[in-house]
Amino acid sequence: ARCTSAQFRRTQFGHRVAQRAMAGQSPPIYLDYNGTTPIAKEVCEAMSTMMYTHWGNPSSSHYYGVQAKRALETARRQVAALIGAEAGEIIFMSNGTETINHTLKGLYELEGTSRDHIITQASEHVAVLETCKALERHGCKVTLLPVDGQGFVSPDAVEAAITPRTLCISIMHSNNETGTLQPIAEIVKRARKQSNHIYVHCDASQSMGKLPVNVGDLGVDMLTMAGHKLYAPKGIGALYVRQTVPELPQYLSGGGQEGGRRASTENVVHSVALGKACEIALRDLAKSQTHMQNMRDRLEQQIRDNLGEQGEFMRLNGPRDSRLPNTLNVSFHRVEANTLLSEIQDEVAASAGAACHSDSVEVSHVLEAMGVPVDWAMGTCRFTVGRETTEAEIDKAAKIISAAVSRLLPSTGATDNQAPPEMAEGTVKLTRFTHGMGCACKLRPQLLEQVLAKVRAAGGSLIDPNVIAGLGASNEDACVYKLSDDLAVVGTLDFFTPIVDDPASFGAVAAANALSDVYAMGAKPIFALNIVGFPSNRLSPDVLAQILRGGQDKCMEAGVPILGGHTVEDLEPKYGLAVIGVVHPDKFWRNNTVRAGDKLVLTKPIGTGVLSTAMKRGALAPASCDALVANFVGLNKIGAECAEKSGGVHAATDVTGFGLLGHLCEMMTPANATEAAFSAVLRATAVPLLPEARELALDDQCVPGGTLDNLKMADAAGVSFAADVPRELRVMMADAQTSGGLLLSIDPGVADALIVSLHSAGLTTSAIIGEVRSRENSTSPVVLVER
């Protein structure tokens, strides 16, 4: 039976905890309290009482219902006390996002015909921004105010944006990324100057328990709270609604719970948890605020001190004073934040403010709104401390962070002779030293096609009739150059960043992947050359030796000598091969010479992109890790030999970074406009998958960016999915592969015999996954994916 995505993630988290415990490792230092907080012990105890003793339905009139109702109302009073409200002004909801939707959509439904204008800011939480976008689609007018370089919105700008049709102003109390505290009370004063009452909503989720928040002092009409930011569990939130606000339409239709304001049986356990968390927050507020500010400032100072002269390459984002006491948002100049956090993730857990891709830097909307330059924004990290953070943790984290930053800063001459950190053999985890992995790090196919189109259009002065495959001739896996009537040389080059942690295994995977391009041409590789990028100040030379040994061993298995190579200094480790092979000029396999009626055969299972991402996150079971690595290092030599003996290969390619769908679309593209057009039918459930790949594809955090790019490219290339193909299988068909199997277009008369041959040779997952057909017209799908 298949498990749900949530069950699967819990299982994999258990594997990770067990692995660390067995290795005697401590969990990483947690510096992501703005992301979520652990549940406080006292909160857990209160929840336990409700689960095992007072578990009744609060709407019931008997004893069990009365006890639950009493506990619920006690929790309501506790929440109200924290923000200086009346208990009747508190509505329990499922999370902060629901409170925002309920407020903004409810107000618009209530008064949208007469007032249809909402004001917010560019750096607002995405829950507000997306709700505003949804309302815009229904005719609402939204003003998005700019913020200054420290993230403040101007009360003058708010006032200037008000019109007679302004319904609501929604500005967060504190920013979740930078901690910037907005002038809410002043904004309310400006709103109150208007003749019509303009409602003011404030998302205060990040501020609760970190500094005083009083609705009387702020003057807001509605205020959002989220339990998991306050040492309560996820799945509970609360909305403060001032008594003077008209009753909003119910966001959910159903019963009359929460005084008729929110339908659905109350989540008493979590509501009680939120109440207890608020009680603790109020009780310990002064102590917690001082402690968190001390820890935050200690962390910043120690990172700066440890960096020394390199401290000039660190900057604070947001104000120094008017911010949350626990939040440190800093940028390191031209350092990739994801690479930094990946390197230290076994020791420190924090969040990045930007994602660097092969062709762009995706900056958070908050940093973009503040105008942080890209060279700084790309290196933005958010470190947030909590009530339990200790000085020892801060001191250790500061050393780890600053040491990694120092190694990653672009060379200025000051650290050129810096020694790499000492690493015991078997402890290095290569995937921690790169922001992406394997063939998933290829340029986006959309971008590559644009570049290649320009190269082809430019042409060149050298036109050699002996070039029978390569750039400008066809989009093949390797180039082919004719030397004589019976001999042609085949050449290819492939390298990438680590996709596995073990250096020797990485070398083997990269070698197997590079050799595959030659096998996919039906050729025999005869020698290879190494290509290496290596961060000598981040990794020991012994690591490079292990990588090269792994590549050499794999090439020896293939009977291919490595005769030399080239190395360069790089910020990330990279390894691969230039491979030279030979083939008869009339007998090599092209990738786009399919024939109608051909069967499509795949020699290896897919799923390496999803599984390798899960492995890097520590969410892959040991047995699945072993299966993944075995799939990576398996040579396509056997598959190619079996296919050649079958005598029925019409076209071939190997499945790598562009995924099964991307490479299949290439196979359906004729070499020129005069040739017949073909289409493919792909049966998703017939495609062999690696263990647990389908379940992991349900988890967005295990799906690499390259896979999502492939899925978009497939849609643009003419791929159509049958309605009953589930989302996770669509993802798998586009999954960016590394060292994938051969995809063969085979004469139907020999296809079954080929499968028997492949299985006998040990490739037991090889399968017929579809067929080639003549394409009916230019509007019919290039590839139709059936279930």
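Alanine 352 stands opposite cysteine 381, a residue of strand β15. A word on terms: strands (E, at least two residues) and helices (H or I, at least four) are DSSP runs, numbered from the N terminus. Please bear in mind that this is a predicted model, in which local features need pLDDT of at least 70, side-chain atom pairs count only at pLDDT 80 or more, and totals for chains, interfaces and linings use all residues. Residues are numbered from 1 along each chain as its sequence is written, and side-chain values use heavy atoms, with hydrogens and water left out.

Strand β12 and strand β15 (residues 380-384) run antiparallel and are joined by two bridges. Two strands pair if DSSP finds at least two bridges between them. Which sheet is this? It is an open sheet of four strands, in the order β9-β10-β15-β12, with antiparallel pairing. Its edge strands, each pairing on one side only, are β9 (314-316) and β12 (351-352).

Two helices deserve mention here. Helix α11 (residues 285-307) packs on the sheet and touches β9, β10 (327-332) and β15, and its direction makes about 160° with that of β9. Helix α12 (residues 337-344) also packs on the sheet, touching β10, β12 and β15, with a direction at about 45° to that of β15. Contact means heavy atoms within 4.5 Å. Axes are lines fitted to C-alpha atoms, for helices over the stretch in contact, and angles run from 0 to 180 degrees between N-to-C directions.

I turn to another sheet. This open sheet has seven strands in the order β2-β8-β7-β6-β5-β3-β4, and its pairing is mixed. At its edges are β2 (90-93) and β4 (141-145), each of which pairs on one side only. On average, neighbouring strands of this sheet are turned by 20° against each other, direction ignored. Strand β3 (residues 117-121) pairs in the parallel sense with strand β5 (residues 166-170) over three bridges. There, isoleucine 119 has isoleucine 169 of β5 as its bridge partner. Helix α3 (residues 63-83) lies across β2, β7 (222-226) and β8 (237-241), at about 115° to β2. Helix α4 (residues 96-111) lies across β2, β5, β6 (199-203), β7 and β8, at about 155° to β7.

Next, the helix pairs. At what angle do α19 and α20 cross? The axes of helix α19 (residues 608-616) and helix α20 (residues 622-633) cross at roughly 130° and come within 10 Å. α19 is therefore oblique to α20; angles under 35 degrees count as roughly parallel, over 145 as roughly antiparallel, 65 to 115 as roughly perpendicular and the rest as oblique. In this contact, Thr608, Leu611, Ser612 and Met615 of α19 meet Ser624, Cys625, Leu628, Asn631 and Phe632 of α20. These contact residues comprise five nonpolar, four polar and no charged. Here Ala, Val, Leu, Ile, Met, Phe, Trp, Tyr, Cys and Pro count as nonpolar, Asp, Glu, Lys and Arg as charged, and the others, Gly among them, as polar.

Helix α17 (residues 503-519) also packs with α20, at an angle of about 45° and with the axes 8 Å apart. That angle makes α17 oblique to α20. Ser505, Ala508, Val509 and Ala512 of α17 meet Val629, Phe632 and Val633 of α20. In the contact of α17 with α20, six residues are nonpolar, one is polar and none is charged.

Finally, the chain is divided into domain 1 (43-283), domain 2 (286-408), domain 3 (431-588) and domain 4 (594-786), with bounds from an automatic or database domain assignment.
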